[in-house]
Amino acid sequence: MTADTQPDGGKAIVELLRRNGVDRVFTVPGESFLPVLDALHDAPDIALVVCRQEGGASMMAEAYAKTTGRPGVCFVTRGPGSANALAGLHVAAQDSTPLLVFVGQVPRGFQQREAWQEVDVGALFGSVAKWSTDIQDAARLPEYLSRAFSTARSGRQGPVVLGLPEDLLFERLDTIELGPAPINQGYPSPSAMAQLSQMLNEAQRPLAIFGGSGWNADCRAQLQAFAEAHALPVATAFRRQDRFDNSHPHYAGDAGLGMNPELAKLIGEADLLLAVGTRLGDITTRHYELVDVPKARQRLIHIHPDPQEPGRVRVPDLAICAAVGNFAEAAAELQAGQIPAERETWLTRARDTREAWQRPTQLPGPVQLGEIVAWLGQRLPPEAVITNGAGNYTLWVHRFYPFRGLGSQLAPTSGSMGYGLPAAIAAKLADPSRPAVCFAGDGCFQMTCQELATAMQYGANVIIIVINNGSYGSIRMHQDKHYPGRRYGTDLVNPDMVALAQAYGAGAARVERTEQFADVFEQAITADRPFLIELVMDPSILRP
């Protein structure tokens, strides 16, 4: 084989991405991985999205993975570039999202000398990534990339970081023989499913909590049918509301920030909790108060793809290591027993509790955010994608918007500010036919507002709703609670949001009264460009 027919490291990486189903790559370019960029130039089947900051790029890649069900891929340069990308990696870690981040590194002969922009990939990303390492041999690129895809997608999904020394990418290697990397998933055993069936039939007040990653339309439909057959009320874990149709009569509400107090009572009074896919983290359990540690007062069945998760925080009565899809297939085969009368009453209580909680509240001021969010729930189709970052404004979105379709919610369980806009752009690029609406606070929006330029460049016509109250609202709320009358460091001096959006070439309008919103939104959803709607809110209104 001649050198002309042997791929260099850059071409080999792109070919391995192709063989693993990658169709889009997000990046902020760096000279440290120019051979990869050159190879992508000749790969029309892999779209390149050039972002404005590495945090935005890694968040877009993470959201793209959630939207498509395939691993997200991001290339960043060393030093400051990789440090910026850490924001999206942390989202992927806590959200269990398959993500591959490639870091252009200093040449191998320069490593461990603190060369210009050198970074220790293992040390920087080791506590966040499932696996992080520098590749030292071009001939092993197929091995490393296969392991990276398998690691990111198997068990509890998550991020992987590979360092690419600059000189390695110019080296030649043999023809690549590998196909797609394997995905390793657990299946529930027949004995475990028999025990689950017995425990469920014995329960008077069971409650399911759906969450985690790895969902698809088939398993969602199977688990919905399972809940119906067993008269099972279903709550969703924090920012996993699209795991169950929020308009379904079995839906009990979301166990997240600002949780319905009546839902908290249901969780506490349940005699059986069926946790599917979720870790039952601190937000979903209201700082571990609703499901005790290390032993829950409710009987607990914990289904999770990571064998180390059930029993890590609390000891379940039954632990099942299985991917959500594999558990759903097994659950669909279970025969429901005689439904106790108390369970029907329990189910009705859960439904009534949720319906009452979803009615918009009235607050002082001319802009009623609850009414606006509820109106959007009626105006938008079930497949519309709603994104957000972090801040008190999200309490309105989670409470009053009915998430109906799978993939309709992109929100970081890590609580990362700035996530909403990159996520909306990724969703719109993945499927331009789906409306993508980003909610962001004024502080949250300004974390990644430069990605409006990315939206413009690639025709991602997202709608951004900025709730502007001139403050870091969630921090102010906690400050008022712990240090009343001593507000400090939470005020914001903001730019003109409408003028800022227009400077990027986007459409924009300001809404100062609730009745203005519908007309402005119709302008936004029919616009041929991204569109920003600024909602001017009273800074004293900090929660629904």
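A crossover is right-handed if, with the strands pointing away from the viewer, the path from the first strand over the helix to the second runs clockwise. Strand 5, helix 6 (residues 141-153) and strand 6 make such a right-handed β-α-β unit, where helices (H or I, at least four residues) and strands (E, at least two) are DSSP runs numbered from the N terminus.

The model is a predicted one, in which local features need pLDDT of at least 70 and side-chain atom pairs count only at pLDDT 80 or more, while totals for chains, interfaces and linings use all residues. Residues are numbered from 1 along each chain as its sequence is written, and side-chain values use heavy atoms, with hydrogens and water left out.

**The strands of the unit**

Strand 5 (residues 131-134) pairs with strand 6 (residues 159-165) in the parallel sense over 4 bridges, pairing being assigned if DSSP finds at least two bridges between two strands. Aspartate 134 stands opposite glycine 163 in strand 6. From strand 5, Trp131 and Thr133 point one way and Ser132 and Asp134 the other way, and all are buried; buried means under 20% relative accessible area, exposed over 50%, and partly exposed in between (1.4 Å probe, protein chains only). In a regular strand the side chains alternate between the two faces of the sheet.

**Salt bridges**

Side chains of opposite charge can pair when their charged atoms come close. A salt bridge is a side-chain nitrogen of Lys or Arg within 4 Å of a carboxyl oxygen of Asp or Glu, and by this rule the count comes to 27 salt bridges, including the following.

| Aspartate 8 | Lysine 11 | 3.9 Å |

Aspartate 8 counts as buried at 12% relative accessibility, whereas lysine 11 is partly exposed, with a relative accessible area of 37%. Glutamate 15 and arginine 18 are separated by about one helical turn, because they are 3 residues apart in helix 1 (residues 9-19). Both residues also belong to a network of salt bridges that links Glu15, Arg18, Arg19 and Asp45. Glutamate 309 counts as buried, at 3% relative accessibility.

**A residue in helix 12**

Alanine 374 lies in helix 12 (residues 369-379). Leaving aside its neighbours within four places in sequence, alanine 374 is in contact, meaning heavy atoms within 4.5 Å, with Pro360 and Phe400. Alanine 374 and leucine 99 are 275 residues apart in sequence, and their C-alpha atoms are 33 Å apart in space.
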